[in-house]
Amino acid sequence: MNIPVSILETPEAAKRRKRKVAAATIVGSMLEWYDFYLYATMASIVFSKVFFDTKDPQNAALNAFATFAIGFVARPIGGIFFGYFGDKFGRKRMLVYTFSLMGICTAAIGLIPSYATIGILAPIVLVAFRIVQGFGAGAELAGAAVTSYEHASDDQKGRQGAWPALGLNLGLLLSSLTIYLLSLGGDQFLLNGGWRIPFIMSFLLVLMGLWVRKSLPETPEYNAMESMHEQKAPIKGLFRSNIKGLGVVFFIAIGYNALSYIFKTFSLAYLTQFKGVSANITSFSVTLASLLAIFAVPVFGWLCDRFSSKVVLAIGGIFAALFAYPFMALLGTADKSMVYIAIIVGTGLIAPMMFAPQGSFLSRQFPVQNRSTGVGAGREIGTAIAGGLAPLWALTMVAQSPNHATDGVVWILVGSGLIVAFAAICDQGYRFSTKQN
């Protein structure tokens, strides 16, 4: 079944439309991952001292990290809820709603009073905002990936499907650079209230993103489905004929997010809490990794169009499994140069190799009628399990080990990489055109 992009659109109009889609997709993903790294860093450095009773520092640290994990509880609900309505009423409207929820909560976290000021209410309010934030974030990537994929021409679905991955790394770059600058004089400035600045600054991203997304046109494939009066029963159709695609998306999300969040989240907490590495070093390592990834993502997107997203994704999973032991060995040295190498390779090269193909790979597992629901449900259930629990599980294993051994973390990384590779090979490859991407 072939769906024409638009038989009436001029080449110049198509270019303008794609520029708008690129901006809307990238800004949304940028905010989500700006928050991701910001919250992960502050949870490992600041929140245990600001929002929890500090009489038991190790317990406070685990509680602070648990608030990072709890946001993932709401992600599957948000993914299914907004994914369903994205299939029922269109992609554009849901992108505005999810972006608003996510952005407002990110900024509001910067205004929460400390434990010393309002006691137990501080972590309660933090958790409440984190849950609502997760509800919006749960549909953000699925909506952005599906939108960019459906706006793309047949020979550019890999490249345009990689736009959310580019936004991810721009968000990482912005947040890590901000934290690096704020921590130049040491972590004390962050602890004394400087941590609030980057959260409150996210209001600017919200305003910019809403302005861009409100001018975004609906996708040609969705409009084509509307014009053919296709029946819309996203959830029913998903479970009736797309169970395999749902399973593929779920396992890709399990494997990738376990890897990604250990590379980007567990590593920060491990270095800070067990190796005495400062936020200045960890944030700068992520800044360097993000700079590399900004150039790597378009290359991997192009490779998806050249060889297929399945091949790029599978190779990325294998590389991640092979890099598991070197990654933890490099972090274990606590040497600044070794930390930079570990984070740059893991976050700047291997993670983008697995993430850039996902926009096109995940989207093509489903037909237009239930694509948003399928990607949102499968990905966010997997993300909630792996993204929320993997770094917390890894940190707990290290904390409970008498000598803070990381052998268990290595095996989590190896298993996760192999899951990604195997799930990629099981690609459903739902075709809408003469060429797979």
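Predicted model: local features only at pLDDT ≥ 70, side-chain atom pairs only at ≥ 80, totals over all residues.
Helix H14 is a handy place to start. This helix covers residues 279–307, and its 29 residues should span 42 Å at 1.5 Å a residue; the end C-alpha atoms sit 39 Å apart, which agrees. The helix isn't quite straight, though: H14 bends by about 30° at Ile 294, and Pro 298 follows within four residues of that point. Toward the end of H14 comes Arg 306, which counts as exposed because its relative accessible area, 52%, is over the 50% cut-off. In sequence Arg 306 is 151 residues away from Asp 155, yet in space the two C-alpha atoms are 8.9 Å apart.

Most residues other than glycine have a negative phi. Ser 308 has its positive value although it is not a glycine. The residue belongs to the loop between H14 and helix H15 (309–332), and at a relative accessible area of 13% it falls under the 20% limit, so Ser 308 is buried. A positive phi also turns up at Ala 334, again not a glycine, this time near 60°. Ala 334 sits in the loop between H15 and helix H16 (336–355).

Ser 401 is in the loop that links helix H18 (371–400) to helix H19 (407–425). Its relative accessibility is 13%, so Ser 401 is classed as buried. The side chain of Ser 401 makes a polar contact of 3.0 Å with that of Asn 403.

Aromatic side chains come next. The count of aromatic pairs comes to 21. One of them joins Phe 47 and Phe 51 edge-to-face, with the ring centres 5.2 Å apart and 70° between the planes; both of these residues are buried. There is also a cluster built from Phe 81, Phe 82, Tyr 84, Phe 85, Phe 89 and Phe 135. The charged end of Arg 130 sits over the ring of Tyr 39, 4.0 Å from its centre, and Lys 157 lies over the face of Tyr 149, 4.2 Å from the ring centre.

How many disulfides does the structure hold? A search of the whole structure finds zero. For Cys 426, which is in no disulfide, the nearest cysteine sulfur belongs to Cys 304 and is 18 Å away. A disulfide calls for two sulfur atoms within 2.5 Å, so that gap rules one out for Cys 426. Cys 426 is partly exposed, at a relative accessible area of 26%. Cys 105, by contrast, is buried because its relative accessible area is 5%, under the 20% limit.

Key. Residues numbered from 1 in each chain as written. Heavy atoms only, no water. Helix = DSSP H or I, 4+ residues; strand = E, 2+ residues; numbered from the N terminus. Buried < 20%, exposed > 50% of the residue type's maximum accessible area, 1.4 Å probe, protein only. Phe/Tyr/Trp six-rings, centres within 6.5 Å; stacked < 30°, edge-to-face > 60°. Lys NZ or Arg CZ within 6 Å of the ring centre and 35° of its normal. Expected span 1.5 Å × (residues − 1). Bend = angle between axes of the 7 residues up to and from the residue. Polar contact = N/O pair within 3.5 Å; in protein donor to acceptor, adjacent residues only side chain to side chain.
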